Amino acid sequence: QDAGNHTLLTEFILSGLSSRPELQHLLFFTICFIYSMTLIGNLLICLATAHPTLHTPMYFFLRVLSFLDISTASVVVPKMLVNTLSEDRSISYLGCVTQLYCVVFLASTEWYLLAAMAYNRYVAVCRPLRYPAIMSTRACLSMVLLSCCSGQVVSVVQTAWVFTLSFCGPRRINYFFCDIPPLVLLSCVDTSRYERQLISATVLVIFTPFCLILLSYTCIISSILRISSAESRHKTFSTCSSHLTVVTLYCASGTLIYLQPKSSNSQEAKKVLALIYTTVIPTLNPLIYSLRNKEVKEVLVRGMAVLMKK
């Protein structure tokens, strides 16, 4: 079919997480529970960090992170839940474009934000005397704005590249949302040039922030080792290891999916990896970054006490 055929395409069919009918209800309730925990956990963080006593750079970044996590899950999960129990699993061409744009934008922005958060922690631990001057309100807003602008550029470029490809043959996407690898597989033209560009984008969006995060935590750990108190060292090591675990999980799932979009790796395995970064990690972030924090817990407890009195 010629290159113009894809312009006649009006919708795609999403195959979902599994084609086995006996698993659909189990998947629905499991994903529904995870999504509920994502919303509750991240909304609590947004409310808690808005408290006047928590108006610091760290909590500002956490509030933005929670907003991004809610948005990422909400772009993917509701449609996935509907498709799990519905026979009609179609998504319009425009809907697919919009979903891909939003997922790439939110994921890219979150990566840059995680790098900013690691830098903030580095300044707090390694440059405590200069912390107020370096991490001013203006600097924090600039970091978030730069993260969003970078995510916007990446998303526009990737979405434009994917949807200028010609799609022919089956319109069924073997995935639970519109993502780059399954869409590239539907293309009937040579995508080697696009795949090289995608590798460059993956390095820019994932590996570069990951290296910056790793460098920040290396400096932090080096400073921790000089702390005389064993209890303080243990507490800081515990926090750093939790953060690095989530970041590494995020990095691994992203790179395995996007570095080789047309690889022979099982699409089922890629679905699991995509489920991790769109659904599981947004649930883990509140637990890792905030709900273990003493100040956040105190604000939440006081807020619940006020509500119970009313």
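Predicted model: local features only at pLDDT ≥ 70, side-chain atom pairs only at ≥ 80, totals over all residues.

Trainee: Where is the place of A50?

Mentor: A50 sits in the loop between α1, which covers 24-49, and α2, which covers 57-85. The C-alpha atoms of A50 and F60, which are ten residues apart along the chain, are separated by 8.2 Å.

Trainee: How does A50 count by its relative accessibility, and why?

Mentor: The general idea is to compare the relative accessible area with two limits, since buried means under 20%, exposed means over 50%, and partly exposed is what lies in between. A50 has 41% relative accessibility, and therefore it counts as partly exposed.

Trainee: Which helix holds L113, and is L113 buried or exposed?

Mentor: L113 is found in helix α3, and because its relative accessibility is 1%, L113 counts as buried. Again leaving aside residues up to four places away in sequence, L113 touches F61, V64, L65, L68, V144 and S147. For S147, one of these contacts, the C-alpha atom is separated from that of L113 by 5.9 Å, although the two residues are 34 apart along the chain.

Trainee: What can be said in the same way about V203?

Mentor: V203 is found in helix α7, and with a relative accessible area of 36% it is partly exposed. The C-alpha atoms of V203 and L259 are 8.6 Å from each other, while the residues themselves are 56 apart along the chain.

Trainee: If I step back to the protein chain, how many helices and strands does it have?

Mentor: The secondary structure comes to ten helices and three strands, and from the N terminus on the elements run β-α-α-β-α-α-α-β-α-α-α-α-α. Of the 310 residues in the chain, 48% are buried. Among contacts between residues at least 6 apart in sequence, 80% join residues that are at least 24 apart.

Trainee: In what order do the strands of the sheet lie?

Mentor: When reading a sheet, you follow its order across the strands and then the direction of each pairing. Here the three strands make an open sheet in the order β2-β1-β3, with mixed pairing. The edge strands are β2 (90-92) and β3 (172-173), each of which pairs on one side only. Helix α3, covering residues 93-126, packs on this sheet and touches β1, β2 and β3, and its direction makes about 85° with that of β2.

Trainee: How many bridges join β1 to β2, and how many join β1 to β3?

Mentor: Three bridges join β1, residues 11-14, to β2, and these two strands run antiparallel; E11 stands opposite S92 in β2, and I13 stands opposite S90 in that strand. Two bridges join β1 to β3, and this pair runs parallel, with L14 standing opposite I173 in β3.

Trainee: What is the volume of the second largest pocket, and which element gives the most to its lining?

Mentor: The volume of the second largest pocket is about 300 Å³, and α7 gives the most to its lining, with six residues. Fifteen residues make up this lining, and Y112, A115, A116, Y119 and L212 lie nearest the centre of the pocket. The elements that give two or more residues to it are α3, α5 (137-162) and α7 (192-224). By class, the lining of this pocket has eleven nonpolar, four polar and no charged residues.

Terms used. Residues numbered from 1 in each chain as written. Heavy atoms only, no water. Pairing = 2+ DSSP bridges. Helix = DSSP H or I, 4+ residues; strand = E, 2+ residues; numbered from the N terminus. Contact = heavy atoms within 4.5 Å. Axes fitted to C-alpha atoms, helices over the stretch in contact; angles between N-to-C directions. 1 Å grid on protein atoms, 1.4 Å probe; cavity = no way out; pocket = protein on both sides within 12 Å on 5 of 7 lines; lining within 4 Å. Points joined across faces, edges and corners; volume = space filled by probe spheres on them. Nonpolar A, V, L, I, M, F, W, Y, C, P; charged D, E, K, R; others polar. Buried < 20%, exposed > 50% of the residue type's maximum accessible area, 1.4 Å probe, protein only.
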